Amino acid sequence: MDDIKIGEILLPGEESEQERKEHKVRRRFWPTFRAARQIPFSRDLVAAYYCAVDPATPTRTRGILLAALGYFVLPLDFVPDMLAMIGFSDDIAVLTAAFAAISGQIKERHYQKADEVLQDSVEK
């Protein structure tokens, strides 16, 4: 995936666009994640979700994460993602670019919440 395409995906957008993306991410994240729970970056992915929906997160950071997570939950991308790790390569590229763009904005509290959720899913 080239840098131009990733850059277009990660545009934070206007506030109304962010609200639309947040609604989509909130609705589709957990069903998509359950199908892909064994991916190696699952902790970072869940922490990014909690950072993106945290009102204390800066607007630009929320926008970038919502765009990346929105790409992750796109239904058109679901079929290729079912091809083991190969299918997630585009998602990994977009998420890696998003993490680089926000450089450390995902806080320890987001990782703690991710750890709680991931631990609960293992126990169930």
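**Aromatic pairs**

Start with the rings. Across the whole structure of this predicted model, a search turns up six aromatic pairs. Select Phe-29 and Tyr-49. Their ring centres sit 4.5 Å apart and the planes meet at 15 degrees, so this pair is stacked; the cut-off for stacking is under 30 degrees. Phe-29 belongs to helix 2 and Tyr-49 to helix 3, so the pair ties together parts that are 20 residues apart in sequence.

Now check the cover on each partner. Phe-29 is buried, at a relative accessible area of 0%. Tyr-49 is buried too, at 6%.

What geometry do the rings of Trp-30 and Tyr-49 adopt? The centres are 5.3 Å apart with the planes at 70 degrees, so the pair is edge-to-face. The cut-off for that label is over 60 degrees. Trp-30 lies in helix 2 and Tyr-49 in helix 3, so here the pair joins parts 19 residues apart in sequence. Trp-30 and Tyr-49 are both buried.

Ring pairs link Phe-29, Trp-30, Tyr-49, Tyr-50 and Phe-72 into a cluster.

Leaving out residues up to four places away in sequence, Phe-29 touches Leu-45, Val-46, Tyr-49, Leu-69, Phe-72 and Val-73.

Next, colour the core. The largest nonpolar core holds 31 residues. Phe-29, Leu-45, Val-46, Tyr-49, Leu-69 and Ile-106 have the most contacts inside it. Which elements give two or more residues to this core? They are helix 2 (15-35), helix 3, helix 4, helix 6 (89-102) and helix 7 (108-123). Helix 3 supplies the largest share of the core, eight residues.

**Helix 3**

Select residues 42-52, which form helix 3. This helix is mostly covered, with nine of its eleven residues buried. The buried ones are Ser-42, Leu-45, Val-46, Ala-47, Ala-48, Tyr-49, Tyr-50, Cys-51 and Ala-52. Confidence in the chain is highest in helix 3, at a mean of 93.

Move on to Thr-57. It sits in the loop between helix 3 (42-52) and helix 4 (59-72). Is Thr-57 buried or exposed? Its relative accessibility is 5%, so Thr-57 counts as buried; the cut-off is under 20%.

The Thr-57 side chain reaches the backbone oxygen of Cys-51 at 2.7 Å. Then widen the selection. Neighbours within four places in sequence aside, Thr-57 is in contact with Cys-51, Arg-62 and His-110.

Select Leu-65, in helix 4. At 1% relative accessibility, Leu-65 counts as buried. What does Leu-65 touch, not counting residues up to four places away in sequence? The list is Ala-48, Cys-51, Ala-52, Phe-99, Ile-102 and Ile-106. Of these, Cys-51 is also a contact of Thr-57, and Ile-106 is one of the core residues with the most contacts.

Now go back to helix 2 and pick Lys-21. Lys-21 is buried, with a relative accessible area of 13%.

**The whole chain**

Zoom out. The protein chain has seven helices and zero strands. From the N terminus, the elements run α-α-α-α-α-α-α. Buried residues account for 44% of the 124 residues.

Residues 24 or more positions apart make up 69% of them. The chain exposes about 7000 Å², and carbon and sulfur atoms supply 57% of that area.

**Confidence**

Finish by colouring on pLDDT. The chain averages 79, and 73% of residues score at least 70. Where is confidence lowest? Select helix 5 (residues 78-81), where the mean is 49. Where pLDDT is low, predicted coordinates should not be read in detail.

Methods
Residues are numbered from 1 along each chain as its sequence is written. This is a predicted model: local features need pLDDT of at least 70, side-chain atom pairs count only at pLDDT 80 or more; totals for chains, interfaces and linings use all residues. Side-chain values use heavy atoms; hydrogens and water are left out. Helices (H or I, at least four residues) and strands (E, at least two) are DSSP runs, numbered from the N terminus. Buried means under 20% relative accessible area, exposed over 50%, partly exposed in between (1.4 Å probe, protein chains only). A polar contact is a pair of N or O atoms within 3.5 Å; within protein, one must be able to donate a hydrogen and the other to accept it, and residues adjacent in sequence count only if both atoms are side-chain atoms. Contact means heavy atoms within 4.5 Å. A nonpolar core is a set of buried Ala, Val, Leu, Ile, Met, Phe, Trp, Tyr and Cys residues joined through side-chain atoms within 4.5 Å. Rings of Phe, Tyr and Trp (its six-membered ring) pair if their centres lie within 6.5 Å; planes under 30 degrees apart count as stacked, over 60 as edge-to-face and the rest as tilted. Accessible areas come from the Shrake-Rupley method with a 1.4 Å probe; for residues, only the protein chains shown count as cover. pLDDT is the predictor's confidence in each residue, from 0 to 100.
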